Amino acid sequence: MSETPSAEGGASYASAGVDIEAGDRAVELMKEWVKKTRRPEVLGGLGGFAGLFDASALKRYERPLLASATDGVGTKVDVARQMGVYDTIGHDLVAMVMDDIVVCGAEPLFMTDYICVGKVHPERVAAIVKGIAEGCVLAGCALVGGETAEHPGLLGPDDFDVAGAGTGVVEHDRLLGPDRIRTGDAVIAMASSGLHSNGYSLVRHVVFDRAGMTLDQRVEELGRTLGEELLEPTKIYSLDCLALTRTTDVHAFSHITGGGLAANLARVIPDGLHATVDRSTWTPGAIFDLVGTAGRVERLELEKTLNMGVGMMAVVPADSVGVALTTLADRGVESWVAGEITERGDRATGAELVGDYAR
């Protein structure tokens with residue numbers, strides 16, 4: 001059954017809440033930022049139905065394996081919305097996707113994004129894409145396309161969410177993972193830039209609902225406002241990890257995201273082996289102590305939810321530790337030996353934290 005609207009008062013896409021012209025303006029505003037991520041393998045420009053990447057570039061690999069990942073940034077987007085800051089959340093998105101891809105040793109190649117809004121504000125959408133593009137530059141990948149969807153009625157005029165998917169490539173015989181790990185390997189921790197993009201449901205509940213704090217409230221322990229701390233972009237480790245694979249015999253990486261340090265590290269530890277991480281080798285940042293104290297959150301619950309100051313871990317042979325730490329230091333990445341690989345014995349899990357944090 002069809003309906004033919006009258007000339008006056010007839011239904012239209014605009015009257016339903018979708019502004020096509022605003023969407024077109026958003027695309028124009030984001031083009032300059034997408035252009036900054038361009039790699040030689042990218043064909044065409046923004047605006048096509050699909051992003052094109054010249055796969056002939058993979059001929060230099062003997063047996064190329066494509067690695068893919070997809071993710072979002074969770075409820076951290078609500079902090080960005082409340083603060084009216086839209087150009088940092090894209091860094092988080094790229095980090096969540098590309099730092100998963102680099103774990104297996106893959107070089108990030110390209111990424112696409114999906115931005116869903118209640119109402120298209122062209123400048124806001126362009127600011128989000130600006131952050132994604134800047135993140136892609138830091139990860140060494142191209143932003144080959146994306147989608148901005150307007151969902152009036154489902155989302156409020158200022159509400160939005162972001163997601164993305166990425167692809168990387170690794171030579172088959174350079175694939176990193178559990179098969180390479182050996183007894184006696186060292187576990188190297190790389191410092192996080194803060195909360196990253198995980199656990200914000202807990203964090204928001206604690207600081208807003210329980211502690212009654214506000215985003216513009218200055219917190220002396222943090223040295224800045226709560227909002228500035230919560231919006232600190234996620235560290236992007238992709239190029240740092242790839243540099244490590246060129247200078248040392250890396251056996252595995254672990255991206256510390258949802259689930260915490262022990263659970264994520266356990267994902268790359270093979271059956272029969274065990275990773276012991278010593279808490280006394282570092283001091284978590286002030287934000288972790290604030291969340292724990294304000295919410296009376298037990299340490300185990302914090303460690304199951306937050307990264308506790310470690311965003312990425314590398315497992316390397318003991319005799320490669322010096323070169324690994326130097327490589328990371330030269331790239332401005334704070335890192336340290338946090339643990340070791342031993343026989344599992346009768347321990348049930350592949351990784352555990354021991355001792356107390358340094359103070």
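What is the mean pLDDT of the protein chain, and what percentage of its residues reach 70 or more? The mean is 90, and 90% of the residues get to 70 or more; pLDDT is the predictor's confidence in each residue, from 0 to 100. This is a predicted model, where local features need pLDDT of at least 70, side-chain atom pairs count only at pLDDT 80 or more, and totals for chains, interfaces and linings use all residues. Residues are numbered from 1 along each chain as its sequence is written, and side-chain values use heavy atoms, with hydrogens and water left out.

Let's start with the cavities. On a 1 Å grid over the protein atoms alone, a cavity is a set of points where a 1.4 Å probe fits but cannot get out, and lining residues have an atom within 4 Å of a point. Grid points are joined across faces, edges and corners, and a volume is the space filled by probe spheres set on the points. There are two cavities of 30 Å³ or more.

| Cavity | Volume | Lining by class |
|---|---|---|
| Largest | about 70 Å³ | six nonpolar, one polar, four charged residues |

Residues lining the largest cavity include Y86, H121 and F160. Helix 4 (residues 122-139) gives the largest share of that lining, three residues; helices are DSSP runs (H or I, at least four residues), numbered from the N terminus. Around the second largest cavity you'll find, among others, R39, F53 and Y61.

Now for a helix pair. D240, A243, L244 and T247 in helix 7 meet V323, A324, T327 and L328 in helix 11, where contact means heavy atoms within 4.5 Å. By class, that contact has five nonpolar, two polar and one charged residues.

Note on methods: Helices (H or I, at least four residues) and strands (E, at least two) are DSSP runs, numbered from the N terminus. Ala, Val, Leu, Ile, Met, Phe, Trp, Tyr, Cys and Pro count as nonpolar, Asp, Glu, Lys and Arg as charged, and the others, Gly among them, as polar. On a 1 Å grid over the protein atoms alone, a cavity is a set of points where a 1.4 Å probe fits but cannot get out, and a pocket is an open set with protein on both sides within 12 Å along at least five of seven lines; lining residues have an atom within 4 Å of a point.
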